[in-house]
Amino acid sequence: MRHLLDVMELTPAEIDGLIATAKDIIARPEEYREKCRYKKLATLFFEPSTRTRLSFEAAMLELGGSVLGFSEASSSSASKGESVGDTARIVSGYADIIAMRHPRDGAALAAALKSDVPVINAGDGGHHHPTQTLTDLLTISREKGGFEGLTVGLCGDLKYGRTVHSLIAAMSRYAGVKFILISPEELRLPGYVTADYIEVQGIPWEETTSLEEAMPRLDILYMTRIQRERFASPEEYERLKDSYVLDPAKLTAAKDDMIILHPLPRVNEIAVEVDEDPRAAYFRQARNGKYIRMALILKLLEEAERDPAKMPVPQEVEEGAECPNARCITATEQGLRPLYRTVGGKRRCIFCDTEI
Ligand code: NCD
């Protein structure tokens, strides 16, 4: 059975297929109105969400299916101490497909290992957010016509911003792409993202703390929120929260056809005056989320029909000591053995990718 935990589980050809389906849904919505009749999507949200959860629900409803679920951990048995694995196993008896968001890195894999239906990772801690990336890619495809040769500036919280990790992974596979990573020193991109994606593909990249310096070279500016909920210290968040504010004055240095993306929600990192600039694509981006999620639900349900067997524990792994990442699902999930795989000579936790 196919899940979607990390966007890299999709080949570029499959991503092209999802984008083509999403565009067809936009052009001919009536053709899709009955496609998921009698099918149910469960949305298990252990962490707040507006766009992701509601666009998943709207997607299933527009396909003719129904939705069930919860929007906060406090209204689920997680508040009684139920594990993610047990929750997934139970819910997979009630629904045909699951979209799950959880504050712990690797929680989506823990759920998939126990689920009898496809699990879509709707965000696992500061780790991955593959459906946001699919949303971003559909937006880039619609706005720029393709992915090749683009200089992409990613600005803000590159350390905890899971949307950035998944987008970099996916964009690294296209020719001529270049990354400019704009963040405070303390919020630089995690080493595993740089090593596994950017360096493996030989993509040119640079790091800077200056948005102004990078601006004139960018084809895409991907702004992000400083992820307050992931900081161990509130003082550290206070010190970094106003690091970048995109306003009309800064945009005067940008290309006329640059597009501004943001997974949203924004706090103050994009001034509201920017919203009416034609280059501001973030509200169009949020709309695209529904269409690409429709395409993804269709694909995973079709594949589950062909291959309903439960996901096996990955083969190439070994057991070992505890994962050092305190935010990893292995730190809290009862009965979950820490498992590792060796990538480029380094041992990594299979749940959160942290190096051992
Ligand atoms: C993002 C997320 O949850 O990671 N939002 C989203 O899904 N659209 C970004 C964020 O919360 O800053």
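**View 1. Ala 99 stands opposite Ile 120 of strand 4 in a predicted model.** Strand 3 (residues 97–102) runs parallel to strand 4, and 4 bridges join them; strands pair if DSSP finds at least two bridges between them. Helices (H or I, at least four residues) and strands (E, at least two) are DSSP runs, numbered from the N terminus. Residues are numbered from 1 along each chain as its sequence is written. As the model is predicted, local features need pLDDT of at least 70 and side-chain atom pairs count only at pLDDT 80 or more, while totals for chains, interfaces and linings use all residues.

**View 2. An open sheet of 4 strands pairs in parallel, in the order 2-1-3-4.** Strand 2 (66–70) and strand 4 (119–124) each have a single partner strand, so one side of each is left without a neighbour in the sheet. From one strand to the next the twist averages 15 degrees.

**View 3. The axes of helix 5 (residues 130–144) and helix 6 (residues 162–171) come within 8 Å and cross at roughly 55 degrees.** Axes are lines fitted to C-alpha atoms, for helices over the stretch in contact, and angles run from 0 to 180 degrees between N-to-C directions. Contact means C-beta atoms, placed from the backbone, within 7 Å. Residues making the contact include Asp 136 and Leu 137 of helix 5 and Ser 166 and Leu 167 of helix 6.

**View 4. Ile 297 has contacts beyond its neighbours within four places in sequence.** Its partners there are Cys 36, Leu 41, Ala 59, Met 60, Leu 63 and Ile 97.

Methods:
Contact = placed C-beta atoms within 7 Å.
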